[in-house]
Amino acid sequence: RDLHSFPTRRASDLGQYYGTFLELIKSLLDGNIEGSSYEDQLREMFGIHAYVAFTLDKVIQNIVKQVA
């Protein structure tokens with residue numbers, strides 16, 4: 001088994017995770033939650049694969065700076 005593949009999940013779970021992920025990142029960017037809480041919740045949803053999303057807030061912030 002590929003170590004980088006996500007564990008098997010039902011499609012309904014993935015849809016719920018996507019919505020939750022969008023809410024988490026929005027809350028983080030709005031300053032409603034702290035970075036550690038954001039990371040903890042991502043880790044709970046995605047396990048060891050959550051590291052990919054840990055820096056997504058930084059990517060979005062840099063894009064906004066470049067566009068503005």
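Modeller: Before we start, contact here means heavy atoms within 4.5 Å. Please also keep in mind that this is a predicted model.

Biologist: Thanks! With that in hand, which residues is F54 in contact with, leaving aside its neighbours within four places in sequence?

Modeller: F54 is one of the residues of the largest nonpolar core. Once the neighbours within four places in sequence are set aside, the contacts of F54 are Y38, E39, L42 and R43.

Biologist: Which elements give two or more residues to that largest nonpolar core, and which gives the largest share?

Modeller: The core has 12 residues in all, among them Y17, F21, Y38, L42, A50 and F54. Two or more residues come from each of α1 (11–30), α2 and α3. The largest share is 5 residues, and the element that gives it is α1.

Biologist: What distance separates the C-alpha atoms of A50 and E39?

Modeller: Along the chain, A50 and E39 are 11 residues apart.

Biologist: Let's turn to charges. How many salt bridges does the count come to?

Modeller: As a general point, side chains of opposite charge can pair when their charged atoms come close. The cut-off used here is a side-chain nitrogen of Lys or Arg within 4 Å of a carboxyl oxygen of Asp or Glu. One example is the pair K58 and D57, at 3.6 Å from N to O. By this rule, the number of salt bridges is 4.

Biologist: Which residues are linked with R43 in a network of salt bridges?

Modeller: The side chain of R43 meets that of E39 in a salt bridge, at 3.8 Å from N to O. The side chain of R43 also meets that of D40, and here N to O is 3.0 Å. The residues linked with R43 in this network are therefore E39 and D40.

Biologist: About how many helical turns separate R43 and E39?

Modeller: Both residues sit in helix α2 (residues 35–46). They are 4 residues apart, so the separation is about one helical turn.

Biologist: And how far apart in the helix are D40 and R43, and what is that in turns?

Modeller: D40 and R43 also both lie in helix α2. Their spacing is 3 residues, about one turn of the helix.

Biologist: What relative accessible area do R43, E39 and D40 have?

Modeller: Each of these residues counts as partly exposed. For R43, the relative accessible area is 39%. E39 is partly exposed at 29%, and D40 is partly exposed at 44%.

Biologist: Back to K58 and D57: which of the two is buried?

Modeller: K58 is partly exposed, at 49% relative accessibility. D57 lies in helix α4 (residues 56–67) and, apart from neighbours within four places in sequence, is in contact with I25, L28, L29 and Y38. With a relative accessible area of 7%, the buried residue is D57.

Key:
Residues numbered from 1 in each chain as written. Predicted model: local features only at pLDDT ≥ 70, side-chain atom pairs only at ≥ 80, totals over all residues. Heavy atoms only, no water. Buried < 20%, exposed > 50% of the residue type's maximum accessible area, 1.4 Å probe, protein only. Core = buried A, V, L, I, M, F, W, Y, C linked by side-chain atoms within 4.5 Å.
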